[in-house]
Amino acid sequence: MGGVNAAGRTSGHQAFRRTVLDALPQDERERTLLGLASLMALAKLDDQGQWIDAEDRALTPAELVERYRERIVSHTLIRRIEPPTYDAQGIVANRAAKLELDAPLSFRLRRRELPEQLPAQWEVVEIDARHVEVRVPQGALEVLLPDHRQPLVNSAGQLPSGFEPTSFYRSVHHPRALAMTIFGASDCLGQSGLEWQEVADRLPPDQVAVYASNSTGQLDREGWGGLLQSFVTGNRATSKQMPLGYGQMPADFLNAYVLGSVGATAGLQGACATFLYNLRMAVDDIRAGRRRVAMVGTADAPVTAEVIEGFRVMSALADDQSLKALDALELLTDQDYQRACRPFARNCGFTIAESAQFVLVMDDALALELGAELLGSVPEVFVNADGWKRSISAPGVGNYVTMAKSVSLARAILGEEAVQRRSFVHAHGTSTPKNRTTESHVFDQVAAAFSIERWPIAAIKAYIGHSQGSAAGDQIASAIGTFHHRLMPGIATLDEVADDVFAERLVLSREHLELDADVAFINAKGFGGNNASAPLLSPRVTERLLTQRHGEAAMSAWRRKREKVREASSAFEQRSLGGRFEPRYTFGEGVLEGPELMIDDQSIKLPGYAKPISLEIDNPFGSLD
């Protein structure tokens with residue numbers, strides 16, 4: 001797994017450890033802060049293993065942590081929105097106005113700055129080849145006056161301050177989500193400890209898949225945001241903005257610049273369930289034998305003024321006025337913004353966030369053959385719609401189906417006791433009043449049906465906010481962290497469970513919980529009725545299932561191979577800890593256009609790919625020959 005969100009890198013469990021920082025042993029807490037310091041460009045490890053801060057001062061790890069701890073803690077997770085999204089003056093805007101001229105007005109312009117359609121009353125006089133003088137008679141003149149609007153929403157789960165994904169590779173005006181894609185997918189490959197080329201060489205190219213997307217597309221200035229603003233801002237549209245704005249572009253970037261894949265590809269969109277939609281395609285393909293390995297993920301960067309305003313006018317976000325009313329405050333401080341997201345408590349809306357999350361999914365035989373580290377397993381992803389709805393954004397009945405099916409499958413695999421005593425839920429937990437009631441009722445009803453008396457509930461949006469399509473990816477990364485550390489993040493902003501939450505069978509705790517779990521249930525409730533849930537099995541029970549299927553001899557051979565993989569993964573983590581990020585970005589190399597291929601009626605051979613693509617296609621339809 002790999003990626004980055006408001007808590008830090010996914011690999012090495014850095015982001016997870018940031019959410020449970022106060023519960024970690026001293027050495028792990030220090031390591032987490034050191035890694036965040038390098039991610040935030042506050043410090044790095046030199047070639048001699050010495051920590052150097054941004055002013056080139058040599059510091060011991062303890063000195064570095066002491067100096068930067070407060071800065072790291074206050075500039076990660078949910079916080080006041082930082083530049084450049086908002087600057088000190090506010091949001092750049094224009095205000096339409098009509099000037100009443102008491103006397104004629106004249107001014108000079110560059111010729112290229114003239115409107116294509118001149119107002120009827122303007123008189124234009126040529127000064128030279130490049131400049132003109134415009135004369136406007138007395139009367140009314142319609143203009144746009146430059147303005148700055150004070151934002152009405154000021155909290156978000158932004159990536160750690162100082163971290164800029166475009167700075168680590170040769171990005172050329174890439175939208176933020178696509179730069180996060182390059183970083184996150186590279187983080188995933190590095191953490192795996194596997195050499196991608198060796199993986200690809202073992203397989204026919206069409207047995208590889210990439211399923212990745214985001215829920216909103218690229219709406220910043222380098223994507224569709226800049227394109228749609230171009231006429232009204234007077235900026236020229238570029239040739240990159242239209243193609244790079246598409247929501248499936250994370251998959252396209254992985255194929256073209258990270259993996260060089262010619263296998264299956266797609267980018268599904270399902271609002272807040274987008275990550276699980278993509279994961280479902282991978283699981284279905286692998287179970288059916290169509291693919292053997294897939295890169296799955298999402299990258300969302302919705303922290304822009306326009307997207308925030310869109311959600312605000314829906315009354316979906318925790319805006320400043322609502323937060324003040326919630327706590328009877330006249331003024332909001334930085335601490336208040338850090339507490340903006342309050343799942344299952346008295347709350348007033350969700351907190352928007354950005355995140356990129358990727359996982360490498362493969363069939364069990366290939367995982368054993370490669371000596372891959374097993375972080376967990378996903379037997380199925382369930383998706384159901386809501387049926388008839390009054391409002392397209394209102395929750396409905398589909399989530400009852402997805403959660404019940406997930407628990408039922410887990411019970412069939414692991415047994416009743418495991419589900420009742422060694423399971424927990426990663427709630428969608430958006431922090432809206434509607435969600436706290438409806439999602440808790442789903443959990444309550446499912447718990448009653450399966451005789452679960454005390455079901456631990458995690459809701460990590462309290463820490464990192466709602467990253468839209470990447471939300472379930474955040475939840476999966478956190479759940480894997482719980483399997484590793486046996487610690488479930490509490491809901492830090494949960495002062496008191498709201499009265500309308502169905503909490504009788506749920507464990508909703510502000511404190512972190514020690515938890516040795518066999519399965520986590522990942523839940524997503526998306527706008528429009530896009531519900532998805534999945535059981536995520538722990539590494540421990542995954543190994544037991546593989547032993548049952550493949551035998552102890554195969555597992556012993558896998559463990560021997562895994563040692564080398566772990567060494568490579570550890571070396572990658574050490575480089576990342578010290579700030580040596582080298583995203584995998586291959587541009588313009590190994591490009592094939594068609595004439596280079598060798599094609600016969602049995603196969604297609606692609607230069608640069610070890611194995612051919614077979615044309616012996618399975619035919620279940622019979623033959624007329």
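Three strands form an open sheet, in the order 25-26-27, and their pairing is antiparallel. The edges are strand 25 (598-599) and strand 27 (613-614), each of which pairs on one side only. Strands of a sheet pair through backbone hydrogen bonds, either parallel or antiparallel. Look at the link from strand 25 to strand 26 (residues 603-605): two bridges join these antiparallel strands. Met598 has Lys605 of strand 26 as its bridge partner. Keep in mind that this is a predicted model.

Now turn to strand 16 (residues 355-362). Seven of its eight residues are buried, so strand 16 is largely enclosed by the rest of the structure. Strand 1 (residues 2-5) runs antiparallel to strand 16, and three bridges join the two.

Cys188 touches Met1, Gly2, Met295, Phe358, Val359 and Leu360, leaving aside residues up to four places away in sequence. Is Cys188 buried or exposed? Cys188 is buried, because its relative accessible area is 0% and buried means under 20%. Sequence distance and spatial distance tell separate stories here. Cys188 and Thr10 are 178 residues apart in sequence, yet their C-alpha atoms are 8.2 Å apart in space.

Next comes a pair of helices. Helix 14 (residues 398-414) and helix 16 (residues 433-449) pack at an angle of about 40 degrees, and their axes are 10 Å apart. Their crossing is right-handed. On the helix 14 side, the contact is made by Asn399, Tyr400, Met403, Ala404 and Val407. On the helix 16 side, Thr438, His441, Val442, Phe443, Gln445 and Val446 take part. Which classes of residue make up this contact? Seven are nonpolar, four are polar and none is charged.

Asp320, Leu323 and Leu326 are buried. These three cover an arc of only 125 degrees around the axis, which puts them on the same side of helix 11. An α-helix has 3.6 residues a turn, so residues three or four places apart point the same way. The face turned away from the buried side of helix 11 carries the exposed residues Gln321 and Ala325. What do the buried residues of helix 11 pack against? They pack against helix 12 (334-338).

Finally, visit some loops and their backbone angles. Asp56 has a positive phi, near 65 degrees, in a residue other than glycine. This residue lies in the loop between strand 4 (51-53) and strand 5 (58-59). Gln468 also has a positive phi, about 60 degrees, although it is not a glycine. Its loop runs between helix 17 (461-464) and helix 18 (471-485). Now consider their surroundings. Asp56 is exposed, with a relative accessible area of 64%, whereas Gln468 is buried, with a value of 4%. One more loop deserves a stop. Pro83 and Pro84 are joined by a cis peptide bond, with omega about 5 degrees. Pro84 lies in the loop between strand 6 (79-80) and strand 7 (91-101).

Methods
Residues numbered from 1 in each chain as written. Predicted model: local features only at pLDDT ≥ 70, side-chain atom pairs only at ≥ 80, totals over all residues. Heavy atoms only, no water. Pairing = 2+ DSSP bridges. Helix = DSSP H or I, 4+ residues; strand = E, 2+ residues; numbered from the N terminus. Axes fitted to C-alpha atoms, helices over the stretch in contact; angles between N-to-C directions. Left-handed = near helix turned anticlockwise from the far one by under 90°. Contact = heavy atoms within 4.5 Å. Nonpolar A, V, L, I, M, F, W, Y, C, P; charged D, E, K, R; others polar. Buried < 20%, exposed > 50% of the residue type's maximum accessible area, 1.4 Å probe, protein only. Arc of directions from axis to C-beta.
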